[in-house]
Amino acid sequence: MGEFMTKKLNAKQIEFQTDGTRYDLVLVDDPYGGIIVAWTSTGYLWRYYEGDYLKPLSRDYNPHDAKNIFDWLEINLATGPRGQLQQVS
């Protein structure tokens with residue numbers, strides 16, 4: 001059998017509402033930099049880079065929702081080295 005390495009993931013679950021839409025997101029540190037953002041009820045998936053952009057990782061997504069999520073993360077998310085999660089307000 002091959003060997004594998006396990007690592008404890010740093011993750012947060014957040015909920016907020018803006019423009020009449022309720023967002024229930026899961027944020028997980030990406031080991032390669034940035035933060036994975038999953039909106040599980042829609043299947044949308046992004047990689048967030050603080051101060052830069054929200055890169056879509058799923059084929060289908062709504063640009064309006066992506067902008068709302070990016071704007072919220074920019075205001076409310078505190079990141080540390082390499083853009084990893086620290087705390088969510």
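Reader: Leaving aside its neighbours within four places in sequence, which residues is Arg 22 in contact with?

Author: Leaving aside those neighbours, Arg 22 is in contact with Glu 15, Phe 16, Gln 17 and Trp 39, and please keep in mind throughout that this is a predicted model. Arg 22 itself sits in strand β2, which covers residues 21-29, and its side chain makes a polar contact with the side chain of Glu 15 at 2.7 Å.

Reader: How should I class Arg 22: buried, exposed or partly exposed?

Author: A residue counts as buried under 20% relative accessible area and as exposed over 50%. Because the relative accessibility of Arg 22 is 47%, this residue counts as partly exposed.

Reader: In what order do the strands of the sheet come?

Author: Five strands form an open sheet in the order β1-β2-β3-β4-β5, with antiparallel pairing. The edge strands are β1 (11-18) and β5 (53-56), each of which pairs on one side only, and neighbouring strands are turned by 30 degrees against each other on average, direction ignored.

Reader: How many bridges join the strands, and which residues are partners?

Author: Eight bridges join β1 to β2, where Ala 11 of β1 has Val 28 of β2 as its bridge partner. The antiparallel pairing of β2 and β3 has four bridges, and here the partner of Val 26 is Ala 38 in β3. Five bridges then join β3 to β4 (residues 44-49), and the partner of Ala 38 in β4 is Leu 45.

Reader: Which glycines take a positive phi in the hairpins?

Author: In the hairpin of β2 and β3, with five residues between the strands, Gly 33 takes a positive phi near 110 degrees. In the hairpin of β3 and β4, with four residues between them, Gly 43 in the turn has a positive phi of about 85 degrees.

Reader: Where does helix α1 lie, and how does its span compare with what its 14 residues should give?

Author: Helix α1 (residues 63-76) lies across β1, β2, β3, β4 and β5, running at about 40 degrees to β4. At 1.5 Å a residue the 14 residues should span 20 Å, and the end C-alpha atoms are 20 Å apart, which agrees. At the start of α1, a side-chain oxygen of Asn 62 reaches to within 2.7 Å of the backbone nitrogen of His 64. The buried residues of the helix are Asp 65, Ala 66, Asn 68, Ile 69, Phe 70, Trp 72 and Leu 73.

Reader: Which residues have the most contacts inside the largest nonpolar core?

Author: In soluble globular proteins, nonpolar side chains tend to be buried together. The largest nonpolar core here has 19 residues, and those with the most contacts inside it are Val 37, Leu 54, Ile 69 and Leu 73. Two or more residues each come from β1, β2, β3, β4 and α1, and α1 gives the most, with five.

Definitions and conventions:
Residues are numbered from 1 along each chain as its sequence is written. This is a predicted model: local features need pLDDT of at least 70, side-chain atom pairs count only at pLDDT 80 or more; totals for chains, interfaces and linings use all residues. Side-chain values use heavy atoms; hydrogens and water are left out. Buried means under 20% relative accessible area, exposed over 50%, partly exposed in between (1.4 Å probe, protein chains only). Contact means heavy atoms within 4.5 Å. A polar contact is a pair of N or O atoms within 3.5 Å; within protein, one must be able to donate a hydrogen and the other to accept it, and residues adjacent in sequence count only if both atoms are side-chain atoms. Two strands pair if DSSP finds at least two bridges between them. Axes are lines fitted to C-alpha atoms, for helices over the stretch in contact, and angles run from 0 to 180 degrees between N-to-C directions. The expected span of a helix is 1.5 Å times one less than its number of residues. A nonpolar core is a set of buried Ala, Val, Leu, Ile, Met, Phe, Trp, Tyr and Cys residues joined through side-chain atoms within 4.5 Å.
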